[in-house]
Amino acid sequence: MKVFKTVKTIQDYIKLKKCRGSSIGFVPTMGYLHEGHLSLIRRAHKENDISVVSIFVNPTQFGPKEDYKKYPRDFKRDEKLSKQAGADLIFYPKVREIYPEGYRTYVDVKDITGTLCGASRPGHFTGVSTVVAKLFNTVQPDVAYFGQKDAQQAVVIKQMVRDINMDVKIKVMPIVREANGLAMSSRNRYLSAKERIDAPVLYESLKLARRLIKAGVQDVRSIRSQMSRIIRSKGSMRIEYISIVDKDNLKEIKRVKKDALIALAVKVGKTRLIDNIVIKGGI
Ligand code: AMP
């Protein structure tokens with residue numbers, strides 16, 4: 001497995017491989033890898049000649065009061081885990097390599113970035129789409145793998161790729177969870193022992209919503225209020241949003257009839273966690 005730190009070196013290497021007919025699978029990450037990331041890397045490895053992982057904590061997607069500085073980082077561990085999962089190349093640039101002095105260009109996907117996480121994280125998705133566009137231009141993947149964990153991110157990236165004719169296929173893979181249902185996240189390491197015990201209530205609330213819908217409940221207000229009740233039953237939770245939206249355009253719906261995305265963001269103590277499920281076909 002090779003590690004590249006500059007755009008030019010990885011671009012040149014990949015150009016050569018593509019000339020020789022190799023297909024490229026790509027997994028962008030912010031590192032501190034867990035099973036969720038590794039599931040994407042394994043898939044990229046399985047489906048392509050060369051699998052590339054990027055590890056870059058992207059400053060432009062963090063707000064001024066967010067956790068950019070303290071975001072967990074452990075490159076040696078990530079290197080080992082990536083290799084075990086079948087990665088062929090790691091792209092591990094410094095911030096100045098991606099955003100050199102005088103950097104001025106941003107990619108801004110409209111409308112679908114103002115809801116859900118975008119409502120409380122202004123500018124977040126501009127940072128995400130900008131870095132993903134730059135990484136795509138650097139790695140030139142045939143296929144890029146994203147997690148359903150960040151459902152809105154996946155919708156935004158698909159929209160960007162479609163709108164500006166990027167020649168890459170986007171595959172969205174299922175959420176990998178702990179045995180207790182908690183969605184895996186690099187941020188789970190911030191949780192205290194008590195918060196770790198409480199945090200699976202987020203998935204419990206999503207499963208409750210699914211049961212209600214299967215039992216014929218269509219009214220979104222009623223589903224949301226029952227979800228918030230069980231989340232609030234754990235002391236340390238502050239709900240940022242619980243939204244039930246169309247899974248493709250992220251517009252709020254009033255009644256669950258067809259495919260719906262139920263997404264939430266909750267502060268567990270000081271840690272902001274997100275989770276979601278897709279309800280197929282409504283009822
Ligand atoms: P991050 O390092 O948080 O930017 O995540 C990198 C990629 O891994 C994104 O496409 C995420 O959606 C995906 N991912 C993160 N957590 C999970 C998970 N628990 N299951 C599946 N994919 C995940």
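Which residues of helix 3 are buried? In this predicted model, helix 3 covers residues 75-85, and its buried residues are Phe75, Asp78, Glu79, Leu81, Ser82 and Ala85. The cover over these buried residues includes strand 1, helix 2, strand 3 and strand 4. Just after helix 3 comes glycine 86, which takes a positive phi of about 105 degrees.

Helix 1 was examined next. Val7, Ile10 and Ile14 are the buried residues of helix 1. Viewed down the helix axis, these buried residues fall within an arc of 80 degrees, and therefore they line one face of helix 1. An α-helix has 3.6 residues a turn, so residues three or four places apart point the same way. Lys8, Lys15 and Cys19, on the other side of helix 1, are exposed. Just after helix 1, a positive phi of about 95 degrees is found at glycine 21.

Is threonine 130 buried or exposed? With a relative accessible area of 1%, threonine 130 is buried, because the cut-off for a buried residue is under 20%. When neighbours within four places in sequence are left aside, threonine 130 is in contact with Tyr99, Tyr103, Thr105, Tyr106 and Val107.

The ligand has 17 residues around it, and of these Met30, His37, Gly147, Asp150 and Val176 come nearest. For glycine 147, a polar backbone atom is 2.9 Å from an oxygen atom of the ligand. For valine 176, a polar backbone atom is 2.8 Å from a nitrogen atom of the ligand. In methionine 184, a backbone N or O atom lies 2.9 Å from a nitrogen atom of the ligand. The ligand taken alone exposes 480 Å², of which the protein buries 93%. Strand 2, helix 2 (35-47) and strand 5 (143-147) are the elements that give two or more residues to the shell around the ligand. Which element gives the most to this shell? Helix 2 does, with 3 residues.

Serine 186 is located in a loop, between strand 6 (169-173) and helix 8 (193-198). Its relative accessibility is 5%, so serine 186 counts as buried. Although serine 186 and glycine 36 are 150 residues apart along the chain, their C-alpha atoms are separated by 9.5 Å. Apart from neighbours within four places in sequence, the residues in contact with serine 186 are Gly31, Tyr32, His34, His37, Tyr71 and Pro72. One of these, His37, is also among the residues that come nearest to the ligand. Another, tyrosine 32, has its backbone oxygen 3.2 Å from a polar atom of the side chain of serine 186.

Technical notes
Residues are numbered from 1 along each chain as its sequence is written. This is a predicted model: local features need pLDDT of at least 70, side-chain atom pairs count only at pLDDT 80 or more; totals for chains, interfaces and linings use all residues. Side-chain values use heavy atoms; hydrogens and water are left out. Buried means under 20% relative accessible area, exposed over 50%, partly exposed in between (1.4 Å probe, protein chains only). Helices (H or I, at least four residues) and strands (E, at least two) are DSSP runs, numbered from the N terminus. The arc is that of the directions from the helix axis to the C-beta atoms. A residue is near a molecule or strand if one of its heavy atoms lies within 4 Å of it. A polar contact is a pair of N or O atoms within 3.5 Å; within protein, one must be able to donate a hydrogen and the other to accept it, and residues adjacent in sequence count only if both atoms are side-chain atoms. Accessible areas come from the Shrake-Rupley method with a 1.4 Å probe; for residues, only the protein chains shown count as cover. Contact means heavy atoms within 4.5 Å.
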